[in-house]
Amino acid sequence: MGVAVTQAAEDSAQLLPAVERIEGRLKKKPRQMVADGGYTTRDNIEKMAGREVDFLGSMGRQEMPSGATAPHRLAPSAFVYQAETNRYVCPESKLLRPQGRDNRPKRRGLTAFLYEAKFSDCQPCHRKLECCPENRRQGRGILRLEESGVVQAFREKMAGEQAQAQYRRRGRVVEFCHAWIKSKFGLRQFHVRGLTKVHSEMLWACLTYNLQQWIRLGKLRAAPAAS
């Protein structure tokens, strides 16, 4: 369907280019893409939804801390979020109220909401030195990260039995060809240097695999059915 090589250390950015290669070659985009956890990022979930491709993948329930803090400072986990009133409560029972969205984090699939305490509550607090010593004009702030509707819908879909059954097929189909190329063809490392030459070697390996599968399937069709 498509072959490419890259020097990138991370796989996740290669999913959309793979869709584009398939679309360019077949003149139609795939109806469904199934990928393992290395490709199942919020960014890719959003991109596949934008392309109207049914995306299946393995995505664990990642913890989404409320922002970050400097070492040896009171961690965001010490603040309790009250969903019914949409506010945080600090360890000293002071309130952090919503201040709107924070548009600084560049995290696709996540929305950041800022909460902040009153300066008059933080200034006299005996825990200020371990909480927000650098804040001279404002109180302690907390970010609450919320997944987008697209990502939430993806999680709900993948929790269903139908999506899980489809996803379980991935290993049998995909990992077999990876294992075959490594064990039968002996391609555990490339024998040439340079992306152009490496790409050619990878094409030959995939072509060999496809021919082997074509021969195998041809024999299966020609074999008489067992009685």
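Helices (H or I, at least four residues) and strands (E, at least two) in this note are DSSP runs, numbered from the N terminus. Please keep in mind that this is a predicted model. Here are some places to look.

1. Is Ser 148 buried or exposed? Ser 148 counts as buried because its relative accessibility is 16%, and the cut-off for buried is under 20%. Leaving aside neighbours within four places in sequence, Ser 148 is in contact with Glu 46 and Gly 109.

2. Leu 143 belongs to strand β7 and, at 18% relative accessibility, counts as buried. Which residue can you find 28 places away along the chain from Leu 143, with the two C-alpha atoms separated by 6.3 Å? That residue is Tyr 115.

3. The side chains of Arg 42 and Glu 147 meet in a salt bridge, at 2.9 Å from N to O. Arg 42 lies in helix α2 and Glu 147 in strand β7, so this pair ties together parts that are 105 residues apart in sequence. Both Arg 42 and Glu 147 are buried.

4. Arg 144 is buried, with a relative accessible area of 13%, while Glu 146 counts as partly exposed at 32%. The structure as a whole holds 12 salt bridges.

5. The side chains of Arg 51 and Glu 20 meet in a salt bridge at 3.0 Å, N to O. This pair links distant parts of the chain, 31 residues apart: Arg 51 is in the loop between α2 (42-50) and β2, and Glu 20 is in helix α1. How exposed are the two partners? Arg 51 counts as partly exposed at 25% relative accessibility, and Glu 20 is partly exposed too, with a relative accessible area of 40%.

6. **Strands β1 and β2.** Next, look at β1 (residues 32-35) and β2 (residues 54-57), which pair in the parallel sense over 4 bridges. Within this pairing, Ala 35 stands opposite Gly 57 of β2. Strand β1 has a covered face, made of Met 33 and Ala 35, and an uncovered one, made of Gln 32 and Val 34.

7. **Helix α7.** This helix (residues 195-222) has 28 residues and reaches 40 Å from its first C-alpha to its last, close to the 40 Å expected at 1.5 Å a residue. Which residues of α7 are buried? They are Val 198, Glu 201, Met 202, Ala 205, Cys 206, Tyr 209 and Gln 213. Helix α6 (161-183) is included in what covers them. An α-helix has 3.6 residues a turn, so residues three or four places apart point the same way.

8. **A nonpolar patch on the surface.** Trp 204, Leu 207, Leu 211, Trp 214 and Ile 215 make a nonpolar surface patch of about 600 Å². One of these, Trp 214, is found in α7. Trp 214 is exposed, with a relative accessible area of 62%.

9. **Two backbone angles worth a check.** Most residues other than glycine have a negative phi. Lys 27 instead has a positive phi, near 65 degrees. You will find Lys 27 in the loop between α1 (15-26) and β1, where Lys 27 counts as exposed at 71% relative accessibility. Asn 86 also has a positive phi, near 55 degrees. Asn 86 sits in the loop between β3 (80-82) and β4 (87-89) and, at 27% relative accessibility, counts as partly exposed.

Key
Residues are numbered from 1 along each chain as its sequence is written. This is a predicted model: local features need pLDDT of at least 70, side-chain atom pairs count only at pLDDT 80 or more; totals for chains, interfaces and linings use all residues. Side-chain values use heavy atoms; hydrogens and water are left out. Patches are made of residues with over 30% relative accessible area and no salt bridge: like charges are joined within 9 Å, nonpolar side chains (Val, Leu, Ile, Met, Phe, Trp, Tyr) within 5 Å. Accessible areas come from the Shrake-Rupley method with a 1.4 Å probe; for residues, only the protein chains shown count as cover. A salt bridge is a side-chain nitrogen of Lys or Arg within 4 Å of a carboxyl oxygen of Asp or Glu. Buried means under 20% relative accessible area, exposed over 50%, partly exposed in between (1.4 Å probe, protein chains only). The expected span of a helix is 1.5 Å times one less than its number of residues. Contact means heavy atoms within 4.5 Å. Two strands pair if DSSP finds at least two bridges between them.
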